[in-house]
Amino acid sequence: MMIADGIEDEEKWLAEGIAGIQHNAFYLHRAVDSNNLREALKYSAQLLSELRTSRLSPHKYYELYMRAFDELRRLEMFFKDEERHGCSVLDLYELVQHAGNVLPRLYLLCTVGSVYIKSKEAPAKDVLKDLVEMCRSVQHPIRGLFLRSYLAQISRDKLPDIGSEYEGDGDTVMDAVDFVLQNFTEMNKLWVRMQHQGPIRVKEKLDKERSELRDLVGKNLHVLSQIEGVDLEIYKDTVLPRVLEQVVNCKDELAQHYLMDCIIQVFPDEYHLQTLETLLGAFPQLQPAVDIKTVLSQLMDRLSNYAASSAEVLPEFLQVEAFAKLSNAIGKVIEAQVEMPVVGAISLYVSLLTFALRVHSDRLDYVDQVLGACVKKLSGSPKLEDNKATKQVVALLTAPLEKYNDIDTALTLSNYPHVMDHLDAGTNKIMAMVLIQSIMKYNTCVSTAEKVDVLFELIKGLIKDIDGTLADELDEEDFKEEQNSVARLVHMLYNDDPEEMLQIICTVRKHIMAGGPKRLPFTVPPLVFSALKLVRRLQGLDGEVAGEEVPATPRKIFQLLNQIIEALSNVPSPELALRLYLQCAEAANDCDLEPVAYEFFTQAFVLYEEEVADSKAQVTSIHLIIGTLQRMNAFGVENRDTLTHKATGYSAKLLKKPDQCRAVYACSHLFWVDDQDGIKDGERFKLIFRHNWT
Amino acid sequence: MVLVLALGDLHIPHRAPDLPAKFKSMLVPGKIQHIICTGNLCIKEVHDYLKTICPDLHITRGEYDEETRYPETKTLTIGQFKLGICHGHQVIPWGDLDSLAMLQRQLDVDILVTGHTHQFTAYKHEAGVVINPGSATGAYSSITYDVNPSFVLMDIDGLRVVVYVYELIDGEVKVDKIDFKKTTASANSAH
């Protein structure tokens, strides 16, 4: 049980180290209390020697370090008080360098250095420079990191920043920046080197240990961002380039990811906007394993939020051509990282699209551009099979719908259908449902035949079987749900202008006819009723304008309806077709088109005779025929007689006697209609009744 | 007081995409004790939706309903009232009061609820009351032009029923009400 032993051992060593510190601290305090500098130096050096261990993991070393840190704080107060120990700070600075081992020596030096700077007997920059260079002597990663961290901590309030008391002749912000940058660079080097040190360890453990220390390195960037004197100029010319240089050159994926993230988090968004090119230029140079998309997404998110924070900021985005730069950068990254899986590329585009939608929502060309880039990427790859990738594509396509609440906008994006083309049949259907739901949710109306055409192309996965897939494979419930959605959609297609409306109907017809027998029973009825509504609208308008070629007339629409309902014979769906024929008959009656109405009745009867076999269905169907016929007023005597005779005949032939009675009784109304003249033929009724009823 | 929702002829998805949003926001689950539906929903999704508003759903078959097993007619008793439901395409001439009255006597009910014409009506005659809640979606009808979406809410209280009709006219919901009183309580023994 090696690991358990290891942990136990570490606890033991830590305990030993702490004991050592406490032991020496006791004597240190005694020395300080008696103002004995010599003794104080001796015991503090011994105390600090505990930090020379290489047996502790970062987590444990930190505990040890904190104890030492506390003692050094007290020691610093002692050092500051020259009257107590009688040594000038200059001398003290020299004296501590006599400590035997390098690590304690440097801790003490830094502590004295702090006092030195405070005393102002030497320029801050000189002391800082000296210290940061001297720390080079410690090359062990963990020890070096904590030492430099200590240096960073005590120097923090002593940097020659603008307005600070340490600013003076020759002491400028640049000196402060140089100091921090150098410390940062050295710390990063040490941090990266950690993975090569010591016995071979399990990678995960190593990464974990390294992660624990990352904030020590990152802190320097934070300090840089806090320096008042670091304005955009200095950031752009000095800070960013040097930080990026270190990030790229260290060639370590853990460091690169963390530091890029850090830069983005720590420095203000306006800076990022103004240095976008430089910042983005670093990305293709990073190690392939770095999860760039997360970092880039972070950046784009921050910039999106920044844009949303105030309207005044927006022109800046345009001025620096933020979108173009981001777009290019993403392109370069995808190009450079050949190994990147498709899902990575797509999620980058999703982030970019989100950015475009939030920052430049009026620029549909940007949105289309992103889609276009995506199409290019998808074209170069094999058909999407990866679940995650498909989810990302769906997210990409859904984003504009949610942003614009208006299907029209999505329909104008030229690349939208091309992206959908790359989805497999299953996902195409999912996306199609999303489209339909979006239309239903926002109650939008698709108002031209052209748009309807584009829309139905987009949802073609629902409309017909796309190559390779069989409708049979689908769960019946799901299939019904899909087709019912398409049916509902038909009612959202509308235009006030009858000509355009007719065009819309023709377009829908064109598409649904390819749907096959399974789909027609769902898609035909809404189309039929849509057409009937148009007929009614035309009825309301004045009669045909003489001499003009008007395509939209009730007669033409009835022709179309006949053909549409005819298609149901392939399913076959006789009962539904019968009902629809009767609806058309009534509508034709209202338009006074006797032959057309008669023809529809004939069709209905044919279906009744030849296709409706179930007795219950027959009862309902004959009642519908009778009920409809009863309302007809466009028929001349002959036509009406023929149809009435037929209806009565069939009524008497129903299977069950009670049904026969009821149906024939219903037929009686065909001979006697209260609100019409001429149809009160009691005699004829009696004749027919008797004829059928013996 | 017992609230009964009466509606029908939605014709979803053949003739309408959905119930009007204003109606949907009014039909909150838990407020209604019974639903009476004249038929022509037409699909299961609508059935399920109605069930969420109230689980006690009584429905008869319309000629376009997907579910063929709904009954042609149905009767039920609520409080002092006997109610009857029938879609109405079976009663010819369609919408004829005399013929409907015949059906009412046949079913022996105080209140007959039918549909098919997509036209709200509420008639009182000696045998009782005939109510047509119209079309809840304002669906196209060969019988009625310019259909406004409508439904009926009956408040049954003792021997009195108040019929509220909700109609969507030009985007606004208008309410009207009619009072009916029964003259005698329902007898337990046969005549």
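**Figure 1. Polar contacts between chain B and chain A.** In this predicted model, 14 residue pairs are in polar contact across the interface of chain B and chain A, with both residues of each pair at pLDDT 80 or more. The side of chain B that touches chain A is made up of 13 nonpolar, eight polar and seven charged residues.

**Figure 2. Salt bridges across the interface of chain B and chain A.** The rule finds two salt bridges here. In one salt bridge, the side chain of K480(A) meets that of E66(B), at 3.7 Å from N to O.

**Figure 3. The contact area of the two chains.** On one side of the interface are 28 residues of chain B, and in contact with them are 34 residues of chain A. The two chains bury about 2800 Å² between them, and carbon and sulfur atoms give 55% of this area. Of the area that chain B buries against chain A, 24% comes from I92(B), W94(B) and Y140(B), more than from any other three residues.

**Figure 4. Surroundings of F558(A) in the largest nonpolar core.** In soluble globular proteins, nonpolar side chains tend to be buried together. The largest nonpolar core of this model has 244 residues, and the members that touch the most others are Y416(A) and F558(A). Beyond its neighbours within four places in sequence, F558(A) is in contact with L532(A), V535(A), C584(A), A587(A), A588(A), C591(A), L593(A), V596(A) and F600(A).

Note on methods. Residues are numbered from 1 along each chain as its sequence is written. Chains are lettered from A and ligands numbered from 1 in the order in which they are written. This is a predicted model: local features need pLDDT of at least 70, side-chain atom pairs count only at pLDDT 80 or more; totals for chains, interfaces and linings use all residues. Side-chain values use heavy atoms; hydrogens and water are left out. Contact means heavy atoms within 4.5 Å. Buried area is the accessible area (1.4 Å probe) that two parts lose on being put together, summed over both. A salt bridge is a side-chain nitrogen of Lys or Arg within 4 Å of a carboxyl oxygen of Asp or Glu. A polar contact is a pair of N or O atoms within 3.5 Å; within protein, one must be able to donate a hydrogen and the other to accept it, and residues adjacent in sequence count only if both atoms are side-chain atoms. Ala, Val, Leu, Ile, Met, Phe, Trp, Tyr, Cys and Pro count as nonpolar, Asp, Glu, Lys and Arg as charged, and the others, Gly among them, as polar. A nonpolar core is a set of buried Ala, Val, Leu, Ile, Met, Phe, Trp, Tyr and Cys residues joined through side-chain atoms within 4.5 Å. Buried means under 20% relative accessible area, exposed over 50%, partly exposed in between (1.4 Å probe, protein chains only).
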